[in-house]
Each structure stands twice: as structure tokens, then as C-alpha cells.
There are 2 protein chains.
Amino acid sequence: MEKQTITIYDVAREANVSMATVSRVVNGNPNVKPTTRKKVLEVIDRLDYRPNAVARGLASKKTTTVGVIVPDVTNLYFSSLARGIDDIATMYKYNIILANSDQNDQKEIQVLNTLLAKQVDGIIYMGHKITDEMRAEFSRSKTPVVLAGTVDPDAQVGSVNIDYTEATEQVITQLIAKGNKKISFVSGALTEPINGIYRMNGYKKALKKAGINFDEKLVFETEYSYQAGEEMYNKLAKVGATAAFVGDDELAIGILNGALDHGIKIPEKFEVVTSNNSKLTEMVRPRLSTITQPLYDIGAVSMRLLTKLMNKEEVEEKTIILPHNIADRGTTKK
Amino acid sequence: MEKQTITIYDVAREANVSMATVSRVVNGNPNVKPTTRKKVLEVIDRLDYRPNAVARGLASKKTTTVGVIVPDVTNLYFSSLARGIDDIATMYKYNIILANSDQNDQKEIQVLNTLLAKQVDGIIYMGHKITDEMRAEFSRSKTPVVLAGTVDPDAQVGSVNIDYTEATEQVITQLIAKGNKKISFVSGALTEPINGIYRMNGYKKALKKAGINFDEKLVFETEYSYQAGEEMYNKLAKVGATAAFVGDDELAIGILNGALDHGIKIPEKFEVVTSNNSKLTEMVRPRLSTITQPLYDIGAVSMRLLTKLMNKEEVEEKTIILPHNIADRGTTKK
DNA sequence: ATGAAAGCGCTAACAG
DNA sequence: CTGTTAGCGCTTTCAT
């Protein structure tokens, strides 16, 4: 025979009080006489009663769970953000439903819909690009949304990022100061605003300031993968680049190793700066110079912002920019 | 004014059918006349009706979500498993509630309880060690549990792993064949069965077969981190080890870089073999030799097993061992 | 401080 | 093939 699930009703009966009272003590409502509270608590303990969050969710219209959409958790950039998100979520008593989207448009919409169907109280979205359809869904639903480490020029929703333009400009400026004239720009698709708009603008600004002409041949779009990076080095060599600014750490490591495997001296003959400062950057030799982003914090702050939004608190600014820096390590000249 | 959520009842009214019929078409029940199905579907579309999964969960006692407990998602070993889990979960229409435990006993219990309160249909646990309390909770609850990449000698629950003992034995045997006499065993706590029992047994077996005495001084327990590895190299040098078998990739990379930073030639002067074959192993130079585990598959198979358990299907064997191999790469002699 | 009662939105017999 | 009717377990007014 199935073990009977014990409900709030059982507790009420055993404690000689009403369901309402049990509900009150479970929810920490102060309007309960200490004696009855004690009595109820004791019965709860004795019966090993565990509130059913689903029933509670249906009645209260709050699930205390938030949806997290991520391209791929095995990417350290995203898993670092996810970690920050989960920690703050836990702190505020939320749980996370984590869904990998593979940045696939269909899957994203699909995932968003099941998340909404599951009545999540809020959503954190990470990705490289927001399709029109997603944007439409975001604004159509009254569920709060925060973009973490993800930019959207037309975003009506909250977001947490660093200033990619400025960071990129600084990197390029430093590279130019070290004597580089041909600095490649390697990133994912330029149709992604973070690449095509923000980083690219920073790149061009630095070039312009230094009086260097923008050369399209130095710009490479590719996928975010180690493999793509390894193959990329040849192309960089072919166009005569002496340095590369790279938008993703795994990609950068691919390029670094590609160069190394060709016997190129790093940083003497080729410099590379990456963008995410994931822990990978410190695990390779030479250590990768990089823009330092507070990855964990971006996630944490995103979740914190989301809690405010879910709580309908007033937020002064829902487009948050966190500080960044540049770490000069082994892949750039001293 | 709040936008009124539209329910199954609204659809029923608009379509001139009963809630039951709407429910049937929503759930793909074949017992609906094509005409009415069409009519209902049209109303659903027009009203933009979206079934409430929480209400459904309460009524059906199934949430189609599973809990996933993991020490830390930013660890590539675990995120790789998690990725496999999520993909199969999606395939079977489940969602994943992901919770980081930091391998903290208290937090684990805490997390397990909220997962259970949220009525997850099943749980996948990853970790280094299962405390008595967790084991007790697992057997007390009727919610199916599967351990992924996690061993528990007394496990009553499902599990998916490789044969750690055999794999370790093979590694050590190969290392011995290459002339090493002093091979260090570096892992996390030996109180964790995977280290203290399985891997250690493999280590000792290989030694014994080769007639080499077990030397406690060659065994090192440490935490799973890159940093710990970097610091570990000195100790290895001190005891005169010429090779190391390492239980974790980040740890192994730390050791590798520690040696490299000391100017040690790898693999000529020191060999290292790691255990998890995460993508990190191919990103360092020289590439790390490793036991190859099908990480993604361990996750995928775990989730598949869990679906069967949740479905109360008959499973021949719930302790699954997946095949492994040894990849001889740059950190071992040819 | 406590109880009664009406839902929350849906599924699942059961009946027809 | 379709409708009726109970719940699922809890929160939340509204009384008292």
C-alpha cells in the first residue's frame, strides 16, 4: 500500500486547530499564540509533515522558482554566471530551473514557454543574441526578465553587463601602444550586438584615435569553440596580424595553442587578449591576458535585480553596468 | 488592472465544450472528435491559452521536473554531466531544477528537502560522498534517485559510473611499464569512496602485480582545485615521485603547470595522468593524458535511468558501469 | 488569535 | 466521444 502523504489537514486535526492556523505557523505568520504555535510545530515534527510547494504555488500564485536560460552550461563563462545566480537565488529562497538553449531560436522559444507554463516567478536569460520573437515574448508576459551578461539594444527588461565598448577600446589601445599595427578582431557573429556593436565600436574607436585605418580583413567571425580557435591561427597569420583581441576564452585558447603549435613565440611574435577572465585563462601557459569581468557578480547582481523586480520594488536603474579591468598576463608584452 | 489569466474554463466556454474535453485535447488524448479538437485548438490559439503546469502538477501529482544536486556547476566534470542530464531530460519533457551543494552536508540536506517539497518526480545526485543523513533521506522518500558519476558502496539507489578501480589499475600499470617506480596517487579525501576505495584499490593492485611496495608517502589528499595542484608539485618532487596519477583535471593541470613553472620537462622528467577527460585536458600544453570517461553519457544515461524509475518500469540493473579508456597524450612518455 | 469556506487551474474517474 | 463532479493541498479573505 502507498504511504499516505500527510497534509496540512492531518496536522490541523492532530493539533486540534484549523488548517488556517497550521498554514500560519508554517508561514511564520506572527498572529498565532505561542502555545498553539508550539503545539502545531510539535505535531508537524511528529508527523514529519512537509508542505507541498506545488499546492502552495497554485494557491498563492508564487512558485519561488526562477527560470534560467543559458546557451550551454559547460561553457565556463555561463556556468560562472549561473553559479552567482544560484547562490543569490538560494539566499532569497528561490530555486533555479536551468535550461540549455544551445542558442537555438526554436529551442529558446520552446524553453521560455515551458518555463512560463511552469509559472516561474522570473526569468534570467543569457545568450548572445535576442531574437525578435523572444523579445516579443518577454514584453508580452508580465513575468520579470533580466539579461545576464547579455545585451540587447532595445531591451525593455533588466540587464547586467560590463561596458564592453570601453573595455575593448582599452585593450586595443594598449595593444597599439605596444607597437601593434595589425590587430585582429576575433569574435562570434557580428550580428550579435555584443560583437557587432559594442566590441566593434570599441575596436574602431581605439583605431581611430591612433590614426589607424580600419581593415575589414582583420575581422573574423567564427563560432565560440576551442576548435575554431585552433583553426583560426592560420588565418590570422595569413593576414599578417601581430595581435588579436578575442571575444571568448575557449576561442582565445584555441588561437594561443594554434600559434604555439606552429612554433610562434608568445607574446614576442604574437599577442592575444581575451574577454572573459574565466578560470581557464590562468590555466594555460603563458597565462592569457584578458579583460577581467566579475562573472560571478554579474550573475549574482542579475538575480538580486530579479528579486526586486519580482517583488515589485522600485528600481532606480534596471540597466546595470559593473566595473571591469584589464589583466596583463603572459600573452601580451610587458 | 491586472490582465486576467485565462484558464481551461475560459477555453471550454468559448468553444462550447466541457473542461474535460479541453483537457483532453491539451493532453493529446485521442478520444476527441477531430472537429471538436480543431475547434478547441482554434480557441486555445485565439485566447492564447497556456496550461498552468502548477495546477496540472497538483491534480496529477506529477511535475515533470527533476532535481539535480551538484557540488559546483563551474566544475567542468559536473557541468558536462549536467549537460547530458538536461538534454535527455528535455527529450523526455522534463525540466531540471539545478542546485549547487558545495558538497556541504547541511546545504545538501536543505536542498534535498526543498526539492522534495517542490514535488520533483526524481532526483539526480552528484557528489563526492554521500553522508548517512542523505542516504537515509534517499531511502525514506519514495522519489527515485540516481547517482551520476558518484559511487556509494551501500547504495540502494540507481547509479551510473565507470569502473574506477580498473581504470586506475590500467593507468598505474602503464606508468610502471614506462619505468616509473615511484608513482604518486593524488586525489581528494580518501574518505570519499571513489578515492579511498575504488581508485586506491586499483592503485594497489597494479603495484602489487608489479611487485612494488605500497608507499604511503606517495599518497596525497587535497582539495579539488587548480590552486591546490600548483602547490602540490613541490611535495611530489620532495618525495621523489616520477609520475602522478591524479583524480581531478583541474588539480592535474595545477600539478602540470607547477612542474612546468619549475622548469621540469614533461613528460621526460615527470609524467601525469588525470581522470576525467574534461575538455580542459586538450587545452593545456602538453595535452594531458587521461582516463577517458564518457562524461556527457554518464549524465545522459543517468537521466534515462531515472525516467524509467519514475515511470516504474522494470530495470534489469540499476547500477550501470559505462566503458572507459586511456588516452595517451602529451604528459606520458611514448 | 483562530476558524470557515471559497477558491487556485487542472486531472481523472465515472457516467452516459 | 463528451460532460459532470470531485478532489489535489494549500492560501486567503472574512468572520468571530
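# Close-up views of the predicted model

**View 1. Strand S6(B) and its neighbours.** Four bridges connect S6(B) (residues 183–187) with strand S8 (residues 243–246) of chain B, and the two strands run parallel; strands here, like helices, are DSSP runs numbered from the N terminus, a strand needing at least two residues in state E and a helix at least four in state H or I, and two strands are taken to pair if DSSP finds at least two bridges between them. The model is predicted, and local features need pLDDT of at least 70 while side-chain atom pairs count only at pLDDT 80 or more, although totals for chains, interfaces and linings use all residues. Residues are numbered from 1 along each chain as its sequence is written, chains are lettered from A and ligands numbered from 1 in the order in which they are written, and side-chain values use heavy atoms, with hydrogens and water left out.

View 2. Because five of the five residues of S6(B) are buried, the strand is largely enclosed by the rest of the structure. Together with helix H9 (residues 193–209) of chain B and S7(B), S6(B) makes a right-handed β-α-β unit; right-handed means that, with the strands pointing away from the viewer, the path from the first strand over the helix to the second runs clockwise.

**View 3. The surroundings of DNA strand D.** DNA strand D is surrounded by 27 residues, of which the closest are Ile8(A), Tyr49(A), Thr21(B), Arg24(B) and Lys33(B), a residue being near a strand if one of its heavy atoms lies within 4 Å of it. Of the atoms of DNA strand D that come within 4 Å of the protein, sugar and phosphate account for 61%. Polar contacts, which are pairs of N or O atoms within 3.5 Å, include a phosphate oxygen of DNA strand D at 2.4 Å from a polar backbone atom of Ile8(A). Another phosphate contact places such an oxygen 2.7 Å from an N or O atom in the side chain of Thr21(B), while a base nitrogen of DNA strand D is 3.4 Å from a polar backbone atom of Ala55(A). Helices H2 (19–26) and H4 (53–60) of chain A and of chain B each supply at least two residues of the surface near DNA strand D, and H4(A) gives the most, with four residues.

**View 4. The surroundings of DNA strand C.** The residues that surround DNA strand C number 27, and the closest are Arg24(A), Lys33(A), Thr36(A), Ile8(B) and Tyr49(B). Sugar or phosphate makes up 65% of the atoms of DNA strand C within 4 Å of the protein, and the rest belong to bases. A phosphate oxygen of DNA strand C is 2.4 Å from an N or O atom in the side chain of Tyr49(B). On the base side, a nitrogen lies 3.3 Å from a backbone N or O atom of Ala55(B), and an oxygen is 3.3 Å from a polar backbone atom of Ala59(A). Of the surface near DNA strand C, H4(B) gives the most, with four residues.

**View 5. Residues with positive phi.** Thr64(A), in the loop between H4 and strand S1 (65–70) of chain A, has phi near 45°, a positive value in a residue other than glycine. Its relative accessible area of 32% makes Thr64(A) partly exposed. In chain B, Asp48(B) lies in the loop between helix H3 (34–47) and H4, with phi near 55°, again positive in a residue other than glycine. Asp48(B) is partly exposed, its relative accessible area being 42%.

**View 6. Cis peptide bonds of chain B.** The peptide bond from Ile266(B) to Pro267(B) is cis, with omega near 5°, and Pro267(B) lies in the loop between helix H11 (249–261) and strand S9 (271–274) of chain B. The bond from Arg285(B) to Pro286(B) is also cis, with omega near -5°, and Pro286(B) is found in the loop between S9 and strand S10 (289–292) of chain B.

Technical notes: Buried means under 20% relative accessible area, exposed over 50%, partly exposed in between (1.4 Å probe, protein chains only). A polar contact is a pair of N or O atoms within 3.5 Å; within protein, one must be able to donate a hydrogen and the other to accept it, and residues adjacent in sequence count only if both atoms are side-chain atoms.
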